[in-house]
Amino acid sequence: PIQKTLSIIKPDAVARNLIGIINHEFESRGLKIIAQKMIKISIEQASMFYYIHKDRPFFNELIHNISSGPVVVQVLEGENGILKNREIMGATDPKNAEDWTIRAKYAKSIDENSVHGSDSEESAKNEISFFFSDIEIYNR
Ligand code: CMP
């Protein structure tokens, strides 16, 4: 099926001028960017977005990192888009990511891992509506 997924180019990648390269990774592998904007996420918004991780030991570091500078939030669309995006990103920890993936090539660490992508249909739906209204998303 054609699926939409929520992608975030994180502060570590934006700070290193990697927006264009990361967009090219998605586009050249068959994902379409159907919505995109640059924003700064507040600590409060980060706590809501990553609420499922609230009891994890890395939660404070996580919300600090994602709100440390501008990010690009985007909706990507493609055949099996959710899984395809996760394959293109590579494993959460760049040490475990395959060579060709974004995280292997550009991520600095598990905390500064350059990109986020929705992990299921349900989270894709929730995460897209967290950042975008319907009129901001191109619908065929
Ligand atoms: P992301 O896909 O944005 O989802 C949650 C983030 O928490 C993850 O990427 C990592 O950057 C960060 N993180 C830090 N430590 C861990 C861990 N042990 N397991 C999973 N995610 C972690």
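**The sheet, strand by strand**

Tutor: Start with the record. UniProt, in an unreviewed entry, lists residues 2-139 as "domain: Nucleoside diphosphate kinase-like". The model here is predicted. Over residues 2-139 the chain is 40% helix and 20% strand.

Four strands form an open sheet in the order 2-3-1-4, and the pairing is antiparallel. Strand 2 (32-39) and strand 4 (115-117) are at the edges. Each has a single partner strand, so one side of each has no neighbour in the sheet. From one strand to the next, the twist averages 20°.

Strand 2 and strand 3 (residues 71-79) run antiparallel and are joined by seven bridges. Two residue pairs show where they meet. Lysine 37 has valine 73 in strand 3 as its bridge partner. Methionine 38 stands opposite valine 72, also in strand 3.

Next comes the pairing of strand 3 with strand 1. Eight bridges link these two, again in the antiparallel sense. Here lysine 4 stands opposite glutamate 77 of strand 3.

Isoleucine 9 has valine 115 in strand 4 as its bridge partner.

How covered are the strands? Strand 3 is mostly covered, with eight of its nine residues buried. In strand 1, six of the eight residues are buried, so the rest of the structure largely encloses this strand. A helix also belongs in this picture. Helix 2 (residues 19-28) lies across strand 1 (2-9), strand 2, strand 3 and strand 4. Its direction is at about 160° to strand 2.

Zoom in on one residue, valine 71. Valine 71 belongs to strand 3. Is it buried or exposed? Valine 71 has 25 C-beta neighbours inside 10 Å, and 20 or more count as buried, so valine 71 is buried. Which residues does it touch, leaving aside neighbours within four places in sequence? Valine 71 is in contact with Ile8, Ile9, Lys10, Pro11, Val14, Ile39, Ile41 and Ile66. One of these, isoleucine 9, is the residue bridged to valine 115 in strand 4. Leucine 31 gives a contrast in position. Valine 71 and leucine 31 are 40 residues apart in sequence and 19 Å apart in space, C-alpha to C-alpha.

Finish at the ligand. The residues around the ligand are His53, Phe58, Leu62, Thr92, Ile110, Asp111, Asn113 and His116. By class, this shell has three nonpolar, four polar and one charged residues.

Key:
Residues are numbered from 1 along each chain as its sequence is written. This is a predicted model: local features need pLDDT of at least 70, side-chain atom pairs count only at pLDDT 80 or more; totals for chains, interfaces and linings use all residues. UniProt positions are given in the numbering used here, feature names are shortened, and annotations may be inferred rather than shown by experiment. Two strands pair if DSSP finds at least two bridges between them. Axes are lines fitted to C-alpha atoms, for helices over the stretch in contact, and angles run from 0 to 180 degrees between N-to-C directions. Two residues are in contact if their C-beta atoms, placed from the backbone, lie within 7 Å. A residue is near a molecule or strand if its C-beta atom, placed from the backbone, lies within 6 Å of it. Ala, Val, Leu, Ile, Met, Phe, Trp, Tyr, Cys and Pro count as nonpolar, Asp, Glu, Lys and Arg as charged, and the others, Gly among them, as polar. A residue is buried if 20 or more other C-beta atoms lie within 10 Å of its own, exposed if 12 or fewer, and partly exposed in between; C-beta atoms are placed from the backbone.
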